Amino acid sequence: DTHRERDDQLLDEVCSALASVTKTHPEPVADGFQTHIETFGKLVQSDNNNMRRIGVCIIDELMENLQTHCQRYLPQLLPPLVQFCQDPAPEVRQASVYGLGVCAQYGGAPFQQAAADVLPAIFQLVQHPQGRMEANVHATDNAVSALGKVLEYQSPTIADRTGAMGAFLSYLPVEGDVEEGIEVHGRMCTFLERQDPTIMAEPNRWIPHVIKVFAAVIGTPSVDEKVTSRIKELLNGMQQSLPELVNGTVAALAPESQAKLTGLMSA
């Protein structure tokens with residue numbers, strides 16, 4: 001056990017070191033990555049959950065820091081990320097679906113070609129009946145975040161965009177993985193600021209839900225100062241454009257939630 005813990009710690013440090021090098025020298029790392037793919041492949045094929053997690057995390061870090069430089073490797077890396085979204089270990093599923101979100105953000109055309117395989121893997125986690133259980137919630141939250149990235153960066157790849165946006169919004173708020181919560185609630189603000197057609201087509205359905213999400217996350221670690229400021233602007237804008245809907249929704253909330261919303265709007 002001690003040796004395994006030491007190996008895990010060493011691999012985590014390798015992952016951090018690779019992330020640092022990739023951030024500062026993305027092009028040389030992208031050029032040299034091909035020669036090391038087999039090494040990372042051995043990690044993700046390990047019987048040890050943590051080895052698989054670290055192997056996937058290394059792929060995630062490299063792609064996130066290489067950004068568009070990662071596109072040449074997507075045909076090799078997307079299939080294992082899709083496969084490991086069904087891994088029995090939730091920490092491996094979490095790392096894998098996080099990687100799919102990174103691929104959606106930076107993957108461009110190579111992602112579009114693989115979207116037919118990627119989207120079902122994301123939806124399977126988002127819609128898992130036990131997704132909010134403590135053991136699974138971080139994987140599910142990361143799947144919702146990945147779906148948000150597909151909606152923002154790869155919208156043409158989604159056959160039923162209205163259904164996908166509905167699945168994204170319906171899951172909110174994200175409260176398990178705080179880091180992803182900030183990202184996801186910020187992305188929800190982006191969709192509202194852009195007056196997303198799915199939301200605007202059914203304001204009586206989605207605006208009350210969005211307001212309830214705002215009430216749930218204001219003052220929690222699931223939003224930062226920047227997202228809170230955006231929420232304030234959106235609430236005040238909704239108050240002006242849809243006063244009856246906003247007032248009726250707020251009035252139906254618990255007193256504590258009402259106080260959070262009205263306090264933010266008047267701050």
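This is a predicted model: local features need pLDDT of at least 70, side-chain atom pairs count only at pLDDT 80 or more; totals for chains, interfaces and linings use all residues.
Residues are numbered from 1 along each chain as its sequence is written, and side-chain values use heavy atoms, with hydrogens and water left out.

The protein chain contains 15 helices and zero strands, where helices (H or I, at least four residues) and strands (E, at least two) are DSSP runs numbered from the N terminus. Of its 267 residues, 50% count as buried; here buried denotes under 20% relative accessible area, exposed over 50%, and partly exposed the range in between, with a 1.4 Å probe and protein chains only. The accessible surface of the chain amounts to about 12900 Å², and carbon and sulfur atoms hold 51% of that surface; the areas come from the Shrake-Rupley method with a 1.4 Å probe, and for residues only the protein chains shown count as cover. Among contacts with a separation of 6 or more in the protein chain, 71% are made by residues 24 or more positions apart, a contact being defined by heavy atoms within 4.5 Å.

In soluble globular proteins, nonpolar side chains tend to be buried together. The largest nonpolar core has 77 residues, of which Phe-168, Phe-214 and Ile-231 touch the most other members; such a core is a set of buried Ala, Val, Leu, Ile, Met, Phe, Trp, Tyr and Cys residues joined through side-chain atoms within 4.5 Å. Helix 7 (residues 108-126) supplies the largest share of this core, with 10 residues. A second, separate core has five residues, including Leu-43, Ile-54, Ile-58 and Leu-62. When residues up to four places away in sequence are not counted, Phe-214 touches Met-188, Leu-192, Ile-231, Leu-234, Leu-235, Met-238 and Leu-261.

Phe-168 is also one of the buried residues of helix 9 (residues 161-171), the others being Ala-164, Met-165, Gly-166, Ala-167, Leu-169 and Tyr-171. The cover over these buried residues includes helix 7, helix 8 (137-153), helix 10, helix 11 (197-201) and helix 12. In the loop between helix 9 and helix 10 lies Pro-173, which is joined to Leu-172 by a cis peptide bond with omega of about 10°.

The second largest pocket holds about 210 Å³ of space. On a 1 Å grid over the protein atoms alone, a pocket is an open set of points with protein on both sides within 12 Å along at least five of seven lines, in contrast to a cavity, where a 1.4 Å probe fits but cannot get out, and lining residues have an atom within 4 Å of a point. Grid points are joined across faces, edges and corners, and the volume is the space filled by probe spheres set on the points. Helix 10 (178-193), helix 12 (203-217) and helix 13 (225-241) are the elements that give two or more residues to this lining, and helix 13 provides the largest share, five residues. The lining comprises seven nonpolar, three polar and two charged residues, with Ala, Val, Leu, Ile, Met, Phe, Trp, Tyr, Cys and Pro counted as nonpolar, Asp, Glu, Lys and Arg as charged, and the others, Gly among them, as polar.

Among the lining residues is Gln-195, which has a positive phi of about 50° although it is not a glycine. Gln-195 is placed in the loop between helix 10 and helix 11 and counts as exposed at 55% relative accessibility. Gln-67, in the loop between helix 4 (49-66) and helix 5 (74-84), likewise has a positive phi, near 55°, and is partly exposed with a relative accessible area of 38%. Most residues other than glycine have a negative phi, and most peptide bonds are trans.

Thr-198 in helix 11 is buried, with a relative accessible area of 5%, and touches Arg-161, Thr-162, Met-165 and Trp-206, not counting residues up to four places away in sequence. Glu-180 in helix 10 is buried at 7% relative accessible area, and with the corresponding sequence neighbours, up to four places away, not counted, Glu-180 touches Tyr-98, Asn-142, Ser-145 and Val-174.
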